[in-house]
Amino acid sequence: MPNRYEEALNRIAEKIRRTAETAVEAGIIPYKSAGGQWITSPYDGNSWWTGGFWPGMMWQLYTWTGDVFFLDEARRAEKLLTDEFRTFRRLNHDVGFMYLLSCGADAKLTGDEQAETDLLHAASLLMGRFNPAGFIRAWNEPDRVGYAIIDCMMNLTLLYRASRDTGDPRFRRVAAIHADTTLREFLRENGSVSHIIEFDPETGNRVQEHPGQGYGPGSQWSRGQAWGLYGFALAYSHLRNEKYLEAAERIAANFTAHIREDGLTDCDFCQPAGEERIDNIAGAIAACGLQKLAALTGNESWKNQARRLVDGLLDNCADWGGEHCGILTRCTASYHDDGAGRHTNILYGDYFLTEALMKLCGRDPELWS
């Protein structure tokens, strides 16, 4: 008889297999769902940073079920994403999220040569964003030329992969330089991390911290903490430098100290007391990062904390009915509403919940490796 995590994966596969048909008919890459419909990205069309999570979820479910529908749907979205190479100017540091979980997954799981070529194309675009002053530039606007963000710790995996696949150490070396800058400038004494640090683009000197998607300056945007936790765990996995593992454990200790009694995650760990603003995406990401940390260290307490988060999500925020096309509810894109969604289903929450469950069931295809 399936355990609760296997049963949850079966229910996810069943529901997404059914609702994905509407995305196919609409010709979109889903970003979130509301009113029983999948909705595309709020900005930048298919160049929006979350596009890779839909095909990534399809690859996870294909691995779980063997249903070729998920393979075909992953490749449909992959084609939409590779078409975005020609737009170029709307792509940014998040080509890691976009192409590692689409082309990278395809190349890893099927050996497709074109997918591997497209993966290396994306890695070259990310390399092109490297400022020799010591960081990878996040966004494209002229007034943010010196901005770097904690999210990029996840995007670095694209560079580790490119060095491994080509034998060229330049990609890995740039990733290490950026990771070192992040370790020095983002990680605080209490184990929390900043979301955005602005650097002087000429010298690399720190200019200031920006609150970004968090509550305010110096606060702890929970999804940023999760990116840091998982990102530094991946950095250690690929680069084998103990300082990255130590950073991941410090962030993990801080994150787990803030998990709510119901297993859910506040949008910002410094938000006003009594304010009900949840971001379950953060909890799902952290559940993945904590399991990676457990695998790297042999410390089962990290996996127990991951189970605590997953159980909270399944017990309180899994929609198995028809209100949403997706699964995970009470997801919030930004503490101060930026129009990208608050307390709703957002697709990359579903992706990370699925990945966390796949890890718990011993079936994760390790798309970040």
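## A buried tyrosine and its partner

Tyrosine 335 has a relative accessibility of 3%, so this residue counts as buried, a description that applies here to a predicted model. Tyrosine 215, in contrast, reaches a relative accessibility of 36% and is therefore classed as partly exposed.

These two residues, tyrosine 215 and tyrosine 335, form an edge-to-face aromatic pair, with 5.1 Å from centre to centre and 85 degrees between the planes. Because tyrosine 215 lies in the loop between β7 (206-210) and α8 (222-239), while tyrosine 335 lies in the loop between α11 (300-316) and β8 (345-346), the pair ties together parts that are 120 residues apart in sequence.

In one of them, the ring centres of phenylalanine 53 and tyrosine 348 are 5.4 Å apart and the planes meet at 25 degrees, which is under the 30 degrees required, so the pair is stacked. This pair links distant parts of the chain, since phenylalanine 53 belongs to helix α2 (residues 53-65) and tyrosine 348 to helix α12 (residues 347-360), 295 residues apart.

Phenylalanine 53 counts as buried because its relative accessibility is 0%, and tyrosine 348, with a relative accessible area of 1%, is buried as well.

## A cluster of rings

Phenylalanine 53 and tyrosine 348 also belong to a cluster linked by ring pairs, whose members include Trp49, Phe97, Trp227 and Trp368.

## Charges over rings

Arginine 17 lies over the face of phenylalanine 69, at 4.0 Å from the ring centre. Arginine 170 is likewise placed over the face of phenylalanine 171, at 5.5 Å from the centre of that ring.

Methods
Residues are numbered from 1 along each chain as its sequence is written. This is a predicted model: local features need pLDDT of at least 70, side-chain atom pairs count only at pLDDT 80 or more; totals for chains, interfaces and linings use all residues. Side-chain values use heavy atoms; hydrogens and water are left out. Rings of Phe, Tyr and Trp (its six-membered ring) pair if their centres lie within 6.5 Å; planes under 30 degrees apart count as stacked, over 60 as edge-to-face and the rest as tilted. Helices (H or I, at least four residues) and strands (E, at least two) are DSSP runs, numbered from the N terminus. Buried means under 20% relative accessible area, exposed over 50%, partly exposed in between (1.4 Å probe, protein chains only). A charge sits over a ring if NZ of Lys or CZ of Arg is within 6 Å of the ring centre and within 35 degrees of the ring normal.
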